[in-house]
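Subject: Structure handover

Hi,

Here is the structure I promised to pass on. Please open it first, then read my notes below.

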Amino acid sequence: MLALAGPATAQDAAGDPAAGQRVFNQCRACHVVENNGRNGVGPNLHTVFGRRAASIENFRYSANLRTLGEQGHVWNADNLRAYLRNPKDVAPQGIMSFPGLRNEQQINDVIAYLRSQAG
């Protein structure tokens, strides 16, 4: 799966996975990142890099995310950055209640953390 993740960008390199794990703690109410972990209110984000949107079987995604997945939307650093900044910019009718992160360093850190969970 790492091959699908692609090379790290300069912005990813500025992220700190350990700091990202701390920021991600606010996401744990709905998401896990453990290999073979169960979905919660939100889908498991283990190996999210390179994964098509709305592609975890037996998870009930919003119609908006299912449409993105059908259109070939694949999670990468750029669109994860946009989603973490403001989920409604990427999926306007999505059901995730998280308002987004405003701090760019925290976004970079969470992306670095999620990338470190790629496999």
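The secondary structure of this predicted model consists of seven helices and zero strands. From the N terminus, the order is therefore simply α-α-α-α-α-α-α.

Confidence first. Mean pLDDT is 88 for the protein, and 88% of its residues reach 70 or more. Helix α3 (residues 17-24) has the highest confidence, at 97. Helix α1 (residues 2-5) has the lowest, at a mean of 34. Over residues 1-11, pLDDT stays under 50. The model has twelve contacts for that stretch beyond four places in sequence. Where pLDDT is low, predicted coordinates should not be read in detail.

Next, the overall packing. The protein has 119 residues, and 46% of them are buried. Take the contacts with a separation of 6 or more: 49% of them join residues 24 or more positions apart. The exposed surface comes to about 6,700 Å². Carbon and sulfur atoms supply 51% of that area.

Helices α5 (77-85) and α7 (104-116) each supply at least two lining residues. α5 gives the most, with three.

Best wishes

Conventions
Residues are numbered from 1 along each chain as its sequence is written. This is a predicted model: local features need pLDDT of at least 70, side-chain atom pairs count only at pLDDT 80 or more; totals for chains, interfaces and linings use all residues. Side-chain values use heavy atoms; hydrogens and water are left out. Helices (H or I, at least four residues) and strands (E, at least two) are DSSP runs, numbered from the N terminus. pLDDT is the predictor's confidence in each residue, from 0 to 100. Contact means heavy atoms within 4.5 Å. Buried means under 20% relative accessible area, exposed over 50%, partly exposed in between (1.4 Å probe, protein chains only). Accessible areas come from the Shrake-Rupley method with a 1.4 Å probe; for residues, only the protein chains shown count as cover.
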